[in-house]
Amino acid sequence: MEIFSVRSSQSLLFKNNPNNAKSSKTSDIEIETRAPAPASFQIEDNVGEGPDFTAVSPGELRNYARQGFDSGLIDQNTYAAISEPLPMHAIDPLGNIIDLSNVTDGTSFNFLDYYQNQLQIAMSIGDSDEVQTLKSIVSFLNA
């Protein structure tokens, strides 16, 4: 066990004493100031602009829908409808069959056009519940 003197040059009392301040070995040390560190993240300035739903993957759409549901922008029915996987095939307003089997979680897809087309079809059929849900989805995607 080692015992050190309280009055050594490393003592704060010794350094803070005005008589000893000039003889302190640390008086000639200079501290370099650095430029401030860059920010680790940046908030985008275009907060008012939403994502481009004409080229978004199904996974990203579900994430945006979850954020919209959590913030109260959409209701539970709309969130559930957006979260459902796409069918393998769909029909456009002209009656043509669209093959959606190649759309995976990682591929971009035009969800805005898809849901607008599905809204037109639901309106022509007259399914009022489906129309309400699709209108809510389209308004969320256009916001």
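Modeller: In this predicted model, α4 gives six residues to the lining of the largest pocket, the largest share. Helices (H or I, at least four residues) and strands (E, at least two) are DSSP runs, numbered from the N terminus. Local features need pLDDT of at least 70 and side-chain atom pairs 80 or more, while totals for chains, interfaces and linings use all residues. Residues are numbered from 1 along each chain, and side-chain values use heavy atoms, without hydrogens and water.

Biologist: Which residues lie nearest the centre of the largest pocket?

Modeller: A pocket is an open set of points on a 1 Å grid over the protein atoms alone, where a 1.4 Å probe fits, with protein on both sides within 12 Å along at least five of seven lines; lining residues have an atom within 4 Å of a point. Here 18 residues line the largest pocket, with Ala81, Glu84, Tyr115, Glu130 and Leu134 nearest its centre. Two or more lining residues come from each of α3 (76-83), α4 (111-125) and α5 (128-142).

Biologist: Where is Asp92 placed, and which residues does Asp92 contact beyond its neighbours within four places in sequence?

Modeller: Asp92 is in the loop between β1 (89-91) and β2 (97-99). Contact means heavy atoms within 4.5 Å; beyond those neighbours, Asp92 touches Ile98 and Ile121.

Biologist: What is the nearest side chain of opposite charge to Asp92?

Modeller: Lys135, 21 Å away.

Methods:
Buried < 20%, exposed > 50% of the residue type's maximum accessible area, 1.4 Å probe, protein only. Lys, Arg positive; Asp, Glu negative; His and termini not counted. Salt bridge = Lys/Arg side-chain N within 4 Å of Asp/Glu carboxyl O.
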